[in-house]
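Student: I've got a chain open here and would like to talk through how parts of it pack. Can we start with a pair of helices?

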Amino acid sequence: MMVNPLEAGDAAATAFATSEDTRLMTKIARMYHEQGVRQPEIAKRLNISQPRVSRLLKKAVATGIVRTTVVAPRGVFAEVEDEIEQQYGLLEVVVADTGEEDDEFVIAPALGAAAAFYLETTLAGGDRIGVSSWSSTLLATVDSMRPRTSHECESVVQVLGGLGQPSAQARATHLVGRLVQVTGAQATYLPAPGLVTSDATRRALLEEASIAQAIEAFPNLTVLLAGIGSLLPSALLRASGNAVSSEDEDLLRRAGAVGDVCMRYFDGEGAPVQSHLDDRILGIDSAALLRIPRRIGVAGGRRKHEAIRAALLGGWINTLVTDSATADYLRSASR
């Protein structure tokens, strides 16, 4: 086969140009990404235009010469968070570094600090926050938040009455009061027990103006901040005068309940569990709860694993702050 010398020369020139272009592109990429040389300085050193430097840097990314990777530092679980978000269809997951510890009261400060930072960075001026009552993780959250000079949200509304003895009910007031203090919001309290003796008592209390004011605020909430309860209460909660009796627990268990958010119970797949308690609860109902756009659950610890997973499956919460051991459980749990 005859080879045209002119064509051969053109091909060689094209190959050389391509090779030289690649060499220059690689050199520029190394100078910019590895040596920290700015684009104007690169152009000056190589005697080329700055627009060409910019074009070659973009081409280096497009052709795979430059590959951007993010290496998470120790204690940051970005890949784990992404995986759980995708697996359960959540808006966001925040995993606190708690090592191998899985006792909920030991990890509460770490969860509180993580949730506090999340809230400080995501609350908007027009947010209307509903906050549940007694929860060690929620107490740790609000106590970890720093007062802001600007208004971080519009209002804070207590969505569930206090549970247990007066000392425990005071914690619900503290939650709202502290959140108001650090955000500059207006407070709306729900000055009533979370669980009363009968439906008649509940209906009578709903006539009270202060209670009616809180109930009327529920449909306008944009954020819910809540703990996630397991069916078996913690020793601390039981000692504080937990309002759900052993008999009520047995009835809920037989109905398939594994946990609750704001005393609205659900089974292992997150489906609502109807019970006689529904007519005795003074607080937000399931329908209003599920309409809140951002529902933040702050919970962790081995005892709550099943309840947390069920809360995710049922959509009771769509934003989760939890510990690293619980995150590993959620990743491995089959749907």
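Student: At what angle do helix α5 and helix α6 pack, and how far apart are their axes?

Tutor: Bearing in mind that this is a predicted model, helix α5, residues 104-122, and helix α6, residues 136-144, pack at an angle of about 50°, and their axes lie 7 Å apart. The two helices, α5 and α6, are therefore oblique to each other.

Student: Is the crossing of α5 and α6 left-handed or right-handed?

Tutor: The crossing in which α5 passes α6 is right-handed. On the α5 side the contact is made by residues including Phe 105, Leu 111, Leu 119 and Glu 120, while α6 contributes Ser 136, Thr 137, Ala 140, Thr 141 and Ser 144.

Student: And by class, what residues are in that contact?

Tutor: The contact of α5 with α6 has nine nonpolar residues, together with five polar and one charged.

Student: Switching topic, how many disulfides does a search of the whole structure find?

Tutor: The search, which covers the whole structure, finds zero disulfides.

Student: What about Cys 153, buried or exposed?

Tutor: Cys 153 counts as buried, because its relative accessibility is 2%, and Cys 262 is also buried, with a relative accessible area of 3%.

Student: Zooming out, how many helices and strands are in the chain?

Tutor: The chain has 14 helices and 10 strands, and of its 335 residues, 48% are buried.

Technical notes
Residues are numbered from 1 along each chain as its sequence is written. This is a predicted model: local features need pLDDT of at least 70, side-chain atom pairs count only at pLDDT 80 or more; totals for chains, interfaces and linings use all residues. Side-chain values use heavy atoms; hydrogens and water are left out. Axes are lines fitted to C-alpha atoms, for helices over the stretch in contact, and angles run from 0 to 180 degrees between N-to-C directions. Helices (H or I, at least four residues) and strands (E, at least two) are DSSP runs, numbered from the N terminus. Angles under 35 degrees count as roughly parallel, over 145 as roughly antiparallel, 65 to 115 as roughly perpendicular and the rest as oblique. A crossing is left-handed if the near helix is turned anticlockwise from the far one by less than a right angle, and right-handed if clockwise. Contact means heavy atoms within 4.5 Å. Ala, Val, Leu, Ile, Met, Phe, Trp, Tyr, Cys and Pro count as nonpolar, Asp, Glu, Lys and Arg as charged, and the others, Gly among them, as polar. A disulfide is a pair of cysteine sulfur atoms within 2.5 Å. Buried means under 20% relative accessible area, exposed over 50%, partly exposed in between (1.4 Å probe, protein chains only).
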